[in-house]
Amino acid sequence: MASKVVRKKDLTLLERMYIPEIVKGMRLTMSQMFKPKFTVQYPEDKFVPSASFRGRPVLVEENGTERCVACGLCSRVCPALAIEVQASETELNKERYPVKFEINMLRCILCGFCEEVCPEEAIIMSDEYRLVFENQKDALFGKDKLLVPIEKVQARLDFLRSHR
Amino acid sequence: MDIIEPLVKIVFIFLINLTTVAYLVLVERRVSAFIQNRIGPNRVGPAGLFQPVADIVKLFLKEDIVPKAANKFVHSLAPLISLVVAMATFAVIPFGNSIHLFGRDIKLMIADVNVGILYILALSSLGVYGITLSGWSSNNKYSLLGGLRSSAQMISYELSMGLSIIGVLMIAGTLQLDKIVESQAHGMWYFWRTPMSFITFVVASFAETNRLPFDLPEAEPELVGGYHTEYSGMKFGLFFLAEYANMITASAIIATLYLGGWQLPFVGHLGLPDIAVSLLQIAAFGIKVGLVLLFFIVIRWTIPRFRYDQLMNIGWKVMLPLALVNILITGIGLLW
């Protein structure tokens with residue numbers, strides 16, 4: 001059985017000419033031309049992410065030393081096998097410390113599993129997203145490139161606490 | 001000696017036309033970006049002004065791929081037809097009043113043929129060849145369909161275009177474009193004297209130039225690019241330029257026939273020297289064409305596309321009767 005199109009309100013002749021509609025459309029389009037633009041002009045203005053942004057992983061440095069106890073959980077959970085941890089004895093008041101902590105940024109997929117699994121809140125996804133390397137060796141980030149003082153990542157730590 | 005004057009005019013208008021076509025692409029990208037709350041290309045020069053140069057260089061350096069089974073001669077010929085036809089139409093459009101230079105009266109149009117507007121209609125019919133041949137010679141189902149659709153669309157709307165112009169011709173009493181412009185002096189522009197003819201002509205020119213809302217033949221989601229699928233490099237560039245050149249031509253014709261051409265109603269009263277008046281009139285023509293072009297661009301980004309059957313429906317069942325009724329009304333109006 002063929003279906004019939006039932007319009008609740010048939011268009012008047014003026015409406016069917018579509019000219020008023022076109023004029024209304026053009027008024028909307030032209031008014032949008034004068035509204036503010038959303039483009040971020042990249043090299044001059046950079047996008048500043050909020051605390052919930054998942055950038056590159058960094059080690060938190062508190063009181064001059066890293067919080068990490070070299071438990072190896074982040075290395076085990078990393079889906080891209082990007083983290084390598086080498087533990088060793090230490091005088092400080094913790095079990096062990098990482099003598100070598102290396103993340104291969106070419107493998108890291110910025111998933112954040114290492115941050116989720118860390119029992120010490122020692123590795124955090126920061127808000128840095130600009131990663132440029134000129135050769136493969138530069139992409140292996142050791143402790144020197146990963147340590148970041150706690151003030152810089154406090155926003156992320158607060159965000160994680162509030163959403164635990 | 002007599003050949004220098006047309007030669008100078010040809011070179012001048014050709015260069016201006018080519019530059020405007022190239023920059024129109026940039027203007028469209030910028031305006032469409034502003035409408036969509038973003039900035040268009042602004043990196044290449046100050047405010048992106050060298051972008052067309054970058055585009056043209058890129059197109060020249062791209063590899064020119066011709067499908068193995070395509071008809072090489074026609075494949076190369078088709079975009080040339082489109083572009084040449086689009087540019088040739090400019091030969092009869094008057095840019096300004098006759099100016100008095102070097103002791104002679106120079107008309108600001110390249111060729112003052114006495115069939116003026118008929119020449120333009122004939123050339124736009126030739127433009128259909130460019131698209132049909134490109135679709136056909138590509139040896140590609142989608143291009144063929146796109147070419148066929150486009151040519152059917154252009155032919156249908158040529159009828160309403162021609163018939164709607166008759167309203168203007170009846171009032172002006174002449175086919176010659178410069179006399180039509182002269183008859184629109186003192187603000188007696190034809191767009192308010194024959195509004196229905198104006199509207200039908202504008203709609204028909206959107207369809208003639210394959211421009212949204214009538215651009216199904218080149219709509220990518222519909223037809224994988226339509227008639228210019230198999231074109232790359234400068235041949236594609238030629239098609240692109242031809243589309244914008246067609247747009248400029250259509251705007252120039254609309255400005256000439258309906259918006260008073262180079263007429264500026266109040267300029268006679270200002271008491272300026274003749275050469276300043278002529279320059280103002282040329283500028284007025286340029287501004288009118290520019291405004292119509294802006295209208296073309298904004299409409300593209302405002303209205304959704306017509307489906308092909310809706311398009312043909314409108315062309316034959318709505319535009320054609322409207323154009324005929326317009327002739328009737330104009331005739332009755334003239335008799336009174």
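Predicted model: local features only at pLDDT ≥ 70, side-chain atom pairs only at ≥ 80, totals over all residues.
Trainee: How many residues does helix 11 of chain B have, and what does it reach from first C-alpha to last?

Mentor: Helix 11 runs over residues 274–300, which is 27 residues. Its end-to-end reach is 39 Å, close to the 39 Å expected at 1.5 Å a residue.

Trainee: Turning to chain A, what does its secondary structure come to?

Mentor: Chain A has six helices and seven strands. In sequence order the pattern is α-α-β-β-α-β-β-α-β-β-α-β-α. The radius of gyration of chain A is 27 Å, well over the 15 Å from the globule rule for 164 residues, so the chain is more spread out than a compact globule. Its C-alpha trace spans about 90 × 50 × 35 Å along the principal axes, and 19% of the 164 residues count as buried.

Trainee: What share of the contacts in chain A with a separation of 6 or more comes from residues 24 or more positions apart?

Mentor: The share is 75%.

Trainee: How is a sheet read, and in which order do the three strands of the open sheet in chain A stand?

Mentor: Strands of a sheet pair through backbone hydrogen bonds, either parallel or antiparallel. In chain A the order is 3-4-6, with antiparallel pairing. Strand 3 (83–88) and strand 6 (140–141) are the edges, each pairing on one side only. Strand 4 (residues 97–104) pairs with strand 6 over two bridges, and A:Ile103 stands opposite A:Phe141 in strand 6.

Trainee: Where is A:Ala70 found, and is it buried or exposed?

Mentor: A:Ala70 sits in the loop between strand 2 (65–66) and helix 3 (73–77) of chain A. A:Ala70 is buried, with 22 other C-beta atoms within 10 Å. Its phi is positive, about 55°, although it is not a glycine.

Trainee: Which loop holds A:Glu121?

Mentor: A:Glu121 lies between helix 4 (113–117) and strand 5 (123–125) of chain A. Its phi is near 55°, a positive value in a residue other than glycine. With 17 C-beta neighbours inside 10 Å, A:Glu121 counts as partly exposed.

Conventions
Residues numbered from 1 in each chain as written. Chains lettered and ligands numbered in written order. Helix = DSSP H or I, 4+ residues; strand = E, 2+ residues; numbered from the N terminus. Expected span 1.5 Å × (residues − 1). Rg over C-alpha atoms; globule rule 2.2 N^0.38 Å. Buried ≥ 20, exposed ≤ 12 C-beta atoms within 10 Å, placed from the backbone. Contact = placed C-beta atoms within 7 Å. Pairing = 2+ DSSP bridges.
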